[in-house]
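Reader: Please show me how to read a model of this kind, one feature at a time.

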Amino acid sequence: MSRITAVQGRRVWDSRGNPTIEVDVTLESGVIGRAIAPAGASRGTREAIDLRDGGKALRGMGVARALDSVATKIAPALVGLEATDQAGVDAAILALDSSPLKESLGGNATVATSLAVLHAAANNAGLPLWRHVAQHYDTSPSLPLPEIQIFGGGAHAGRRVDIQDFMIMVPGASSFDEVMEVTNEVYFAAGDIMASKGKAAGVADEGGWWPMFDSNEEALETLVKAIEKAGEKPGNRVIISLDVAASELGQDGQYRLALEDRSMDSGQLIDMLGRWMDSYPIASIEDPVGEDDPEGMVEFTRRFGDHVQIIGDDYLVTNAKLVAEAEAAGACNAVLVKVNQAGTVTESVDTFKAARAAGWGAIVSARSGETEDVSISHLSTGLGGGQLKVGSFTRSERMVKWNECLRIQDELGAGSYVAGAPLAKTWWGKNKLKGSVA
Ligand code: 2PG
Ligand code: MG
């Protein structure tokens, strides 16, 4: 009864108002699974391609070609397959497109279909998605440690500042619910500080405050003040996490901080980030150097990898092979897992598992262009032991994912929260996990 009988795509719209695709997978039993493709703005060059129509209409963002892939290529290949065989379904999708970046089918077409199949199998078994994921992949489910944006930046805020994400994590909280509460306090404290300086100017793409700063470091100083204003001691229950998204800074072989009108080489960028990590309670940092700077990433990891979480996003593009290569080279100690970067559930889960097997952190992540789809809340919980990056603490395409975790918390029980465990190897974990976090 779990055989696929129909695969149907439709055009829907994402949080930036751009078209994207939703796919419904129907099974013999009549049960349907549904998922929507997200879209990135700061994209790695080695991630699966979003197939767009180009041309003038919809600023070139149309998805007619991706929908055509679903209707004329993917659907005929999937009808008759068992939805419970996720690996088999994903292999059938991959067999249709031999290009490395899925440019023929479109990663948007493959990701929506692959996730819809996962939902269909879960629905057919009468299980919440997180429980199906845990059973199917033989993992121990636990609620993830959230990473939540307070200020947006980079490609998500018209490059008003250079650094892309200024985030907090609350590894010292004892429940997911408590993380939400502390985040609310910090988020609005940050808003009050911005307002008091006459710098409250709305929000960026992922719902974080618009970054009206004169330097990148001013954002860090303000974040520390916001944590204090929220009644917390920075570095105690709450730490700072950054996504430098450094591939976006590359220009003429240099890294350019446009806001500060200065350029620097890899070594100077690493030194600057090192000074920031000395001055502010940063325990996690993503893409500190560009995707084309492996020497820089190895050097960064050599200097800071024993006490800071170093996440590869554009650098590893949710690719298990790149994780293995990075591990062998001594680059990074954590991976961002974006299902649409890989293009299928199977490849994403392989990447998550490869990272965990290497003792790395694994952070399931949304994209800057999102929707009401909550698959990643379930995926991160089902796979267990992980972290979840969704954007900020406003706007429904973000809140829907945090709120879904709260519903899962009710099913799983509060004791299922991994709390600070994913940061155990950082300075925070070494200092705080031993004793109680006051
Ligand atoms: C990132 C993501 C989410 P985008 O770089 O980690 O913040 O951004 O989806 O634009 O790639
Ligand atoms: Mg990133």
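Author: Start with burial: a residue is buried under 20% relative accessible area, exposed over 50% and partly exposed in between, using a 1.4 Å probe and protein chains only. This is a predicted model, in which local features need pLDDT of at least 70 and side-chain atom pairs count only at pLDDT 80 or more, while totals for chains, interfaces and linings use all residues. Residues are numbered from 1 along each chain as its sequence is written, chains are lettered from A and ligands numbered from 1 in the order in which they are written, and side-chain values use heavy atoms, with hydrogens and water left out.

Reader: Is D50 buried or exposed?

Author: D50 is buried, because its relative accessible area is 13%. Helices (H or I, at least four residues) and strands (E, at least two) are DSSP runs numbered from the N terminus. D50 lies in the loop between β3 (32-36) and α1 (64-78). Contact means heavy atoms within 4.5 Å; leaving out residues up to four places away in sequence, D50 touches P38, A39, R43 and N108.

Reader: How are two packed helices described?

Author: By the angle between their axes and the distance between the axes. Axes are lines fitted to C-alpha atoms, for helices over the stretch in contact, and angles run from 0 to 180 degrees between N-to-C directions. Here the axes of α1 and α3 (residues 107-124) come within 9 Å and cross at roughly 45°. Therefore α1 is oblique to α3; angles under 35 degrees count as roughly parallel, over 145 as roughly antiparallel, 65 to 115 as roughly perpendicular and the rest as oblique.

Reader: Which residues of α1 and α3 meet?

Author: A66, S69, V70, I74 and L78 in α1 meet N108, A109, T110, T113 and V117 in α3.

Reader: How do strands of a sheet pair?

Author: Through backbone hydrogen bonds, either parallel or antiparallel. Two strands count as paired if DSSP finds at least two bridges between them. In this model, β4-β5-β6-β10-β11-β12-β13-β14 form a closed barrel of eight strands with mixed pairing. Neighbouring strands of this sheet are turned by 25° against each other on average, direction ignored.

Reader: Which strands does helix α5 touch?

Author: Helix α5 (residues 176-196) packs on the sheet and touches β4 (145-152) and β5, its direction making about 10° with that of β4. A190, found in α5, is buried, with a relative accessible area of 0%. Beyond its neighbours within four places in sequence, A190 is in contact with I150, F151, W209 and A226.
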